[in-house]
Amino acid sequence: MSIEWSKSLATGLEWQDNQHKELFKRISALIDAMNVGLGREEVGRIFRFLDEYFVVHFSAEDEAMMKYNFPGGAFHMAEHRRFQQDVEQIRDECRGNNITTSTVIKVQRLVVDWLINHIGGIDKALGEYILRIENKGAEPVRPEDPAQVRTDSTKTLS
Ligand SMILES: [Fe+2]
Ligand SMILES: [Fe+2]
C-alpha cells in the first residue's frame, strides 16, 4: 500500500501543508518498513520520529485554533489526542512482538481513517478559516453563529 499526500488534501496554509506532507512521508516509510520486514530497530526509529512530530504538528494546530478562536476547536483537539493514543497503542504492539500482518493492517487503517479523513476534513476547515482571517485581516463568518451569517447574507442581498 502506497500512501501519498495529494493536492486534494491541501489546506492552502503553507506550514500546515508542509507538516502534513512530512507526516505522510514518514507514515509511508513506516508501512514500507513493516511490509518488507525491516527490523524492529528501524520501525522503532520511525515511531520515535512520529511521536515527536505529532507533538510538533498537533501543538501548532492547537495553538492556531486557540489564537484564532476556531469554532469546534475542542473537538478537533480531542481528535488529535485520540490519534496520538492510537499511534501509541500500535507502537506498543510493535515493541513487544514481531510485527504481524494485523499490525500492518492497523497502521494502514489508521492512515486512511485518520490522516485522509482528518486532514481532508477538519484540518482543511481550519486552514481555510485561518487563511480567511490572515488574508482579509478580519474575523470570518463563524459557521455556528447564525446571526452573523444572516447579517452577511442580508448585506449581499441589499
Ligand atoms: Fe493536521
Ligand atoms: Fe488536525
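Tutor: Asparagine 69 is a place to start: this residue is exposed, with 11 other C-beta atoms within 10 Å. Keep in mind that this is a predicted model.

Student: What makes the phi of asparagine 69 worth a remark?

Tutor: Most residues other than glycine have a negative phi. Asparagine 69 is not a glycine, yet has a positive phi of about 55 degrees.

Student: How do you know whether glycine 73 is buried, exposed or partly exposed?

Tutor: Buried takes 20 or more other C-beta atoms within 10 Å, exposed takes 12 or fewer, and partly exposed is in between. Glycine 73 has 17 C-beta neighbours inside 10 Å, so partly exposed is the label. Glycine 73 is in helix α3 and touches Met65 and Met66, not counting residues up to four places away in sequence.

Student: How much of the protein chain is buried, and what is its pattern?

Tutor: Buried residues make up 18% of the 158 residues. The chain has 5 helices and 0 strands, and reads α-α-α-α-α along the sequence.

Student: What makes α1 and α2 roughly antiparallel?

Tutor: Angles over 145 degrees count as roughly antiparallel. Helix α1 (residues 14-35) and helix α2 (residues 40-67) pack at about 160 degrees, with their axes 10 Å apart. The angle is over the cut-off, and the two are therefore roughly antiparallel. The crossing of α1 past α2 is left-handed.

Student: Which classes of residue make up the contact of α1 with α2?

Tutor: There are 12 nonpolar, 2 polar and 3 charged residues.

Student: Why is the term roughly antiparallel used for α1 and α4?

Tutor: The axes of α1 and helix α4 (residues 101-136) cross at roughly 175 degrees and come within 10 Å. That angle also lies over 145 degrees, so α1 and α4 are roughly antiparallel to each other. Among the residues that meet are Phe24 and Ile27 in α1, and Val107 and Val111 in α4. By class, this contact divides into 11 nonpolar, 6 polar and 1 charged.

Student: What makes a group of residues a nonpolar core, and which residues form the largest one?

Tutor: The largest nonpolar core has 11 residues: Ile27, Leu30, Ala33, Met34, Val43, Ile46, Phe47, Leu50, Ile90, Cys94 and Val107. Elements giving two or more residues to this core are α1, α2 and α3 (73-96). Apart from it lies another core, of 6 residues, including Leu13, Met65, Phe70 and Leu126.

Key:
Residues numbered from 1 in each chain as written. Chains lettered and ligands numbered in written order. Predicted model: local features only at pLDDT ≥ 70, side-chain atom pairs only at ≥ 80, totals over all residues. Axes fitted to C-alpha atoms, helices over the stretch in contact; angles between N-to-C directions. Helix = DSSP H or I, 4+ residues; strand = E, 2+ residues; numbered from the N terminus. Parallel < 35°, antiparallel > 145°, perpendicular 65-115°, else oblique. Left-handed = near helix turned anticlockwise from the far one by under 90°. Nonpolar A, V, L, I, M, F, W, Y, C, P; charged D, E, K, R; others polar. Core = buried A, V, L, I, M, F, W, Y, C linked by C-beta atoms within 7 Å. Contact = placed C-beta atoms within 7 Å.
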